[in-house]
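Reader: I would like the terms set against the values, please. Keep the answers brisk.

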2 protein chains.
Amino acid sequence: MSPKITTELLRQLRQVMKSSRYVAEPIQAYIVPSGDAHQSEYIAPCDCRRAFISGFDGSAGTAIITEQKAAMWTDGRYFLQAAQQMDSNWTLMKMGLKDTPTQEDWLVSVLPEGSKVGVDPFIIPADQWKRMSKALKSAGHVLVPVKENLIDAIWMDRPQRPCKPLMTLDLSYTGIGWKEKIAALRAKMVERKVLWLVLTALDEVSWLFNLRGSDVEYNPVFFAYAVIGTNTIRLFISGDRMADPSTREHLLLDSSLEAEFKIQVVPYESVLTELQAICVGLSPKEKVWLSDKASYALTEAIPKAHRYLTPYTPICIAKAVKNAAETEGMRRAHIKDAVALCELFNWLEKEVPKGSVTEISAADKAEEFRSQQNGFVDLSFATISSTGPNGAIIHYKPVPETNRALSGNEIYLLDSGAQYKDGTTDVTRTMHFGTPSVYEKECFTYVLKGHIAVSAAIFPNGTKGHLLDSFARSALWDCGLDYLHGTGHGVGCFLNVHEGPCGISYKTFADEPLEAGMIVSDEPGYYEDESFGIRIENVVLVIPAKTKYNFSNRGSLTFEPLTLVPIQTKMISIPLLTQKECDWVNDYHRKCREVIGAELKSQGRHEALQWLIRETEPITKMH
Amino acid sequence: MSPKITTELLRQLRQVMKSSRYVAEPIQAYIVPSGDAHQSEYIAPCDCRRAFISGFDGSAGTAIITEQKAAMWTDGRYFLQAAQQMDSNWTLMKMGLKDTPTQEDWLVSVLPEGSKVGVDPFIIPADQWKRMSKALKSAGHVLVPVKENLIDAIWMDRPQRPCKPLMTLDLSYTGIGWKEKIAALRAKMVERKVLWLVLTALDEVSWLFNLRGSDVEYNPVFFAYAVIGTNTIRLFISGDRMADPSTREHLLLDSSLEAEFKIQVVPYESVLTELQAICVGLSPKEKVWLSDKASYALTEAIPKAHRYLTPYTPICIAKAVKNAAETEGMRRAHIKDAVALCELFNWLEKEVPKGSVTEISAADKAEEFRSQQNGFVDLSFATISSTGPNGAIIHYKPVPETNRALSGNEIYLLDSGAQYKDGTTDVTRTMHFGTPSVYEKECFTYVLKGHIAVSAAIFPNGTKGHLLDSFARSALWDCGLDYLHGTGHGVGCFLNVHEGPCGISYKTFADEPLEAGMIVSDEPGYYEDESFGIRIENVVLVIPAKTKYNFSNRGSLTFEPLTLVPIQTKMISIPLLTQKECDWVNDYHRKCREVIGAELKSQGRHEALQWLIRETEPITKMH
C-alpha cells in the first residue's frame, strides 16, 4: 500500500480556505469529519471526503487542515492502515493514547490568535459542533459553518450522489402500511406536544415509507429526508425516482387522498430552506422534533425555543420493535441464510484439506451460496473471513495482501450476513478443519458459555441491554480473559445491520430498554494477538419469558435465537460446560436440525443436510 | 403522628421573602433543599431547615414556598410519612409518579411573569443551581442567591451548629500522616496543573488531617472546610477546638515547620471571603480544583476561567483506596462487630421464644453488645431492626408506633453497623427463629446466590462496580423476582458508612473503577410487600485475584469478605445451590468459625462461641 500524494490537494484546499468565493472571511483551519449528512455508518463514495483529501479510507477518522499542518485522528483499529495510506503531509493522531491531544486541544495549540475554524454544517452533528465550538470559543477562536463543502470545491472527479431505483415493500413484508405508521407517529407527536418531526437518518425514512434503495453499499437505503407535520408529509428526495409507476402507486401520489396523507415530494437539496420556512411560521411554544445527533445545519435551522431534541426519534424506537410480519420475515431470512452456511461449511470441510481455499475465496463462496436463496439482495456488510492470526484483527476484511489459505492447522472465523427482501442476517461461526488445541477449545468454550449466558438470560421488562453485558464476559473473566468490544447491537429488518436504540455493551448507557420484538446480536469473542480469533454470534429476538413468579407485575423477557447454524461441537471442551449449558447446546442443535433440515430437504440440498445432521449430534457430559 | 402546624411559620417566611433586610428585591418563591453546605447525607439538627418549615423530617425532600403555595418533593420511601407530617398548607409532590411535575415545571406554572426565585447558595449544589437557573431563565424568571438563610431568619430556637471536641488518629490507625497526605495531594495537583484545591465534604477534611469529630450523628466528622495551596494549608473550623493540646500537637500548630506544612486555622464562616481573596490573586490559566457537587456559593466564588471541576476530588479517590493500616483496622472492627452479633443472635435465639423481644429492644441489645467492644464510638447509622411485614420497608427504622415483637413465625431482618476507632461496619443478616416456609427459604436462597455471585466474582482491573450489579440479580431474575435498590456502596474507615466514588448499582455510571484496597458492601435483597424482607449484606474488600491467564496484562480483582457473621443455614434451600455455592458457604463459615471463634474465646464469650460453632456447621448437597 503506497500513500496518496496530497501536496497539491492540500495546496488547493488552503487556497479555497482563503477564497472569498467560498468563505466570507479566510479560515485558518478546516475540519473534515468522516460522516455524511445523515450520520450514516456506511457512506457513499461521493461522501468519502476525508479519504479523498488524505488517502486514509478507514471507517472512522477526522481530518483537520490548518494553514501549515494536516492531522488525522483515528482509533486503534486503524493506526497501521492510516500510517500506510497517508503521506508525510499528514500527522497521525492516535486516539486513545495518553499523549494524543484532542482535536480541540490541538487546534488551540497550533492556531494563531483569534482564528476561524470552518466545517460543513451538514456533516457535523449538532452535539459535536457544540463541544468544539465551546472549546474554541474559550480559547478566543470561533467555529464557523462553511456552506459550500470545501473538499467538494477541489474534488474534480467527485462521484455523483447515488440515485438508484427504489423498491417498494408490501404489507406482507412490513406488517404496517406507511399511512398507519404516519398516524401512529402523529399520535406520538401529539403526546409530546410537537407540531413537526424531522427525520434525517436514512433507515428511518426507508422504514417509515416502506421503501428500500441501494444508494449505500450493504444498506438498503436511499438519500432522503422527511418532515412530518400534523397535516402534511414532505419527502425530500432527488432525481426522477418518483417517476416510477410502482413507487407512485405505493405512495398513492396520484390518488385522491385525505389531505393529511398527501405526500409532497420535494427536492433533496431544499430540506434546509423548507425547514427554515416552516420555522418562520411557528407560533411561540410550537416545537419541532429532531434527533440530537442530527446535523448542525438542520438543528440550527430550528430556533432554540422551538427545538425538541431527543437521543432517538419515535421512528427509531418504533422501527426497533419488530411487528409480526417483520419478525416472520427475519425468521425466513435466517432460515435461508442458514441453508447457505450449511452448504458453505460442508463445502469448506471438503475443500480446505485440498489447500485451495483462501479467506477471499471462502467469502466469495459464502456470497455465492447466499445469492442462490430467494429474495437475496446484497450482503449486509463486508464479510470478515479470517484464519489464524488474521482472526485476531476484530474488523478484518481479507484483501489480496493479507489473504491467507484456510488449513487444518488454524482456527477459521467467518462473520458475515446478507440482506434478503424478508430481513437482514449477521452470523459468526468459528471453526477448525483439523484438530483444535486444548487451549483453543478452552477459549472457545468460555466464549460459548458467555454466548449462552446472554441468550438464556431472563430479565425484567424494562431492563437496558447494557445490564446484560457482563453475563457474556463472566466465564472469560474467571480465567483472566476478556474481549474489547461490545456484546451486541440492534439489527434492522431488511435495513441496516447495525441500528439503535438498543444493544448490549458496557460502553453505552444511552440505550433504550429492551422490549419484546426487538432484535439484537449476541456476539462475545476472544482474540489472541498474532494467533487466533474466536467469536460466536447469533441474532436473537427479545421475547416474553415465562417465570415462576412475577415481581411487581413487571413481566420478564428472554431471547430466542433467530440464527440457526450449528456451533462446531468439535471446538467445545465439554467438561467446562454445566449440564444446563450442555442442554442449551443440544436444544439449539435440535432446533437447527428440525428447522434448517426441513428447508435443506425441500431445497434438495442433501449433502448439506447430511452435514447438518452430523454437526447437530447431541453432546454428552460425563458424570 | 399529627402534622406540624405551619401557617404562622409560612406567614413569617413570606414576610422575609419581601423584606429588604434579607433580599434586595422581593422574591416570589424560596427553595429549601434537604442538605447542608457540605452535601452531607446525614445532617446536624441546625441544618434540618426543611423539616422545620414543613414538619416532614425524612432524609430526602425539597420544599418550595411561593407567595400562595407550599410544595414538597419527595420520593416513594416517604410518601406516607410526608403526608402524615405536613399540614394542609402543603402539597405533596410524589417524585417518580408520571403526573408529578418537576420543581422547575411547577415553578414555571405557578409563578407570575418575571419572578425571582431565591435559594441559599451554600445549600444548593452547583449542578442543581445550573439546571434550575436555566429552566427558570428560559421561562422568563430568574434564580437569585439569597445570602442570609431565610429559614434561619424565622427559626427562633434554631440549635447551635455542633462544635464537639476532635479526636486525633495516630499512624497505627491512619497508616499515613497528614503531611504525607498533603504532599501526595500536591503531587496530584501538579499533575493536573492546578494551584489550589477546595475541600467541602466533611469526611474528606477529616480523612486528610487524620482527625475525627462527632458533629453529625453516626458520622465521625466535624464542620470544616480545607483549602490547600501549593505552599499553604488553610483549615476553616469553628470554636475553640484548636485550643486542645493534643489537637495542636497532632497538627503541629506550635512546631517550627516547613512553611508549606504550616496549617493556618481560619474561622469556619470565612471560607467564602478567603476563597474570593485567593481568586482575586490568580493569574490567567491558574486553576482552583473543586468537586462539581460543591455548593453554588463556593463554585461561583471561583471565576469560570479558573475553575477546575471534577466529579470527585483527589482526596475522595485516595480515601476510597484503603492502605494497609486502614485495611487492618477495618478487619479488627469487623471481628469485634461479629463478636457483638454472635452474642446478639445467641441472645435472640433464647429470648425470642419468650415473646418479650421487640424490634426496638433487639436494636438496643445490638447496640449494647457493640458498645462492650474496644474502641466502640457510635453506631454507623440508625439500626434497621424489622420483623415480618416491616422487613419489606427497605429503609425501616422501628419507632414505638410500628414496633413489633419478634417471634418464631416471622422473618427477622437486622441491618446495623458501628463506628469503632479502627473502622466502620455495616452488616445485614436475615433469620428465622422458628421454621421458615418453603417460599421464604427459596427467596432467601436466590438472594444468597446473588450475594455469592458478587462476592466471588472475578473481573478485570479497571472494571466499574456497576458492571457487577446484574450478577447479584441473576438468580432472582430467573424466577421473575428483583429488588429495587442498588447492590453496594463504598464504606469509609472510621468515617461515613456510605462514601464514594465506587459502588455496585445499576443506577450510576459515574462510579470510579474498582481498585484493590477499596471497600464496598454486597447487599442484594428481596422484599415482599406486607409480608417479609430479606437482605444479606457483607462489607467486602477489593483484592487482586489469581487467574489462570492474564489478558493484556491487565490483572484481575475479586472480593474478600471483611464481615464474618454466620449466614443462617436454616434459611437455605440447599438443592437450589450449585456445588460451588455450597463450597463458598462452607468456606465462609469455616473462616467465621476460625477468626471470630478465636476472638470469642479470648473474650471469654463461651455461650456465643457455642452458638457460632453450631451456626457454622457445613452444609452438604445431596447428589
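Author: Start with contact: it means heavy atoms within 4.5 Å. The model is predicted, so local features need pLDDT of at least 70, side-chain atom pairs count only at pLDDT 80 or more, and totals for chains, interfaces and linings use all residues. Residues are numbered from 1 along each chain as its sequence is written, chains are lettered from A and ligands numbered from 1 in the order in which they are written, and side-chain values use heavy atoms, with hydrogens and water left out.

Reader: How do you know that the copies meet through the same surface?

Author: 100% of the interface residues of chain B are also interface residues in chain A, so the surface is the same.

Reader: What makes the two copies related as by a two-fold rotation axis?

Author: A rotation of 180° superposes chain B on chain A, with 0.0 Å of shift along the axis and an RMSD of 0.0 Å. The relation is thus that of a two-fold rotation axis.

Reader: Why are α17(A) and α17(B) called roughly perpendicular?

Author: Helices (H or I, at least four residues) and strands (E, at least two) are DSSP runs, numbered from the N terminus. Axes are lines fitted to C-alpha atoms, for helices over the stretch in contact, and angles run from 0 to 180 degrees between N-to-C directions. Angles under 35 degrees count as roughly parallel, over 145 as roughly antiparallel, 65 to 115 as roughly perpendicular and the rest as oblique. Helix α17 (residues 469–478) of chain A and helix α17 (residues 469–478) of chain B cross at roughly 110°, with axes that come within 11 Å. They are therefore roughly perpendicular to each other. S470(A), F471(A), S474(A) and W477(A) make the contact with S470(B), F471(B), S474(B) and W477(B).

Reader: What classes of residue has the contact of α17(A) with α17(B)?

Author: Four nonpolar, four polar and no charged residues. Ala, Val, Leu, Ile, Met, Phe, Trp, Tyr, Cys and Pro count as nonpolar, Asp, Glu, Lys and Arg as charged, and the others, Gly among them, as polar.

Reader: What makes β4 and β6 of chain B edge strands?

Author: Two strands pair if DSSP finds at least two bridges between them. Six strands of chain B form an open sheet with mixed pairing, in the order β4-β3-β2-β1-β5-β6. β4 (91–94) and β6 (142–145) each pair on one side only. The twist averages 25° from one strand to the next.

Reader: How do you know that β1 and β2 of chain B are joined?

Author: Four bridges join β1 (residues 29–32) to β2 (residues 62–66), and the two run antiparallel. In β2(B), I65(B) is the bridge partner of Y30(B).

Reader: Which helices lie across strands of this sheet?

Author: Helix α1 (residues 7–16) of chain B lies across β1, β2 and β3 (70–74), at about 70° to β2(B). Helix α5 (residues 126–138) of chain B lies across β1, β5 (116–119) and β6, at about 140° to β6(B).

Conventions
Least-squares fit on C-alpha atoms with pLDDT ≥ 70 in both.
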